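Here is a short briefing on one protein chain. Look at the sequence and the structure first, then read the points below.

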Amino acid sequence: MFPVFSADDGRVVHFVAVQVPIPKRAHSWNNRCLQLNTCRNETLAEADLRCDLALCSLDDTDNGRGLEVEESREAGECERQKAVSAAKDILSMLVHYSKFIGRPVCGKRSSLVVAGVAQISSSLAISLGRIKQSFVLTDPHLPDMPIVYCSDDFLSLTGYTRQEVLGCNCRFLNGSDTDVEVLHQIRDSIRAEQSCTVRLLNYRKDGSSFWNLLHVSPVRNASGKIAFFVGVQIEESSKNVGHGLRPEMLQLGVVASVKVAVRSPSAGAGSSRSS
């Protein structure tokens, strides 16, 4: 099963599921008895062994025909190739005919970038969703370093929707009175692969401004290479932020949580980028 993305805005417009039957692979009790007699796996339960051997003895009196037993089915390479081939054919047809109805779809099933929006693994997104603070994750390996994840608190702070944020560079928060020197400081820190903390005037979707205490830090994967940059935002005038913690301590806590999520083995593809 795989998603099909719109070629216009990257939204998921279809899901395709391909079914390939797995043939029965049955064995007679004579074969099963031979396997048990030669097996050296000491974890076989003694009772189960007696039971199987008893059935084998029954099989010996049945003119050697054997009792057919259906074992658990597992897809082999042949079935896998059939499913992949069918999926490619279906996607190719969708791409071709979608153009004629004015709703073209993307011809890539597993691309990291669809219509300019990078994808992270679902397990990584779930882990990041547990972090209750305004922050974004950007991918430095993609053109213009786009946002690949944004927290719900970030959306509440800025007034934007997730669809408006993903795939964009963070500069959309800047405005006429944003200090250019501070922006240069951020860019220099990113180029040097170092952390920085700045005070920056940013703007919400409705045009209102707020002072953003921003902390930017590189996030390395399990192999030690930078996979993302995380930016943690704290509105300077907010009264209920931190629950008694200093802003810098709160931000460092968020960065640490993000690093744990990215380096987790379950993060899959979302933490494997290294180039």
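A crossing of two helices is called right-handed if the near helix is turned clockwise from the far one by less than a right angle, and left-handed if anticlockwise. Keep that in mind for the helix pair below. The model is predicted. The chain averages a pLDDT of 79, and 71% of the residues score at least 70.

**Helix pair**
- Two packed helices are described by the angle between their axes and the distance between the axes.
- Helix 4 covers residues 122-129 and helix 8 covers residues 247-263. Their axes come within 9 Å and cross at roughly 160 degrees.
- Angles over 145 degrees count as roughly antiparallel, so helix 4 is roughly antiparallel to helix 8.
- The crossing of helix 4 and helix 8 is right-handed.
- From helix 4, Leu 124, Ser 127 and Leu 128 meet Val 258, Ala 261 and Val 262 of helix 8.
- The residues of this contact are five nonpolar, one polar and no charged.

**Annotated span**
- An unreviewed UniProt entry places "domain: PAS" at residues 147-167.
- Residues 147-167 are 52% helix and 19% strand, and the end C-alpha atoms lie 5 Å apart.

- Over residues 49-62, pLDDT stays under 50.
- Where pLDDT is low, the predicted coordinates should not be read in detail.

How values were computed. Residues numbered from 1 in each chain as written. Predicted model: local features only at pLDDT ≥ 70, side-chain atom pairs only at ≥ 80, totals over all residues. Heavy atoms only, no water. Axes fitted to C-alpha atoms, helices over the stretch in contact; angles between N-to-C directions. Helix = DSSP H or I, 4+ residues; strand = E, 2+ residues; numbered from the N terminus. Parallel < 35°, antiparallel > 145°, perpendicular 65-115°, else oblique. Contact = heavy atoms within 4.5 Å. Nonpolar A, V, L, I, M, F, W, Y, C, P; charged D, E, K, R; others polar. UniProt positions renumbered as here; feature names shortened; annotations may be inferred. pLDDT = per-residue confidence, 0-100.
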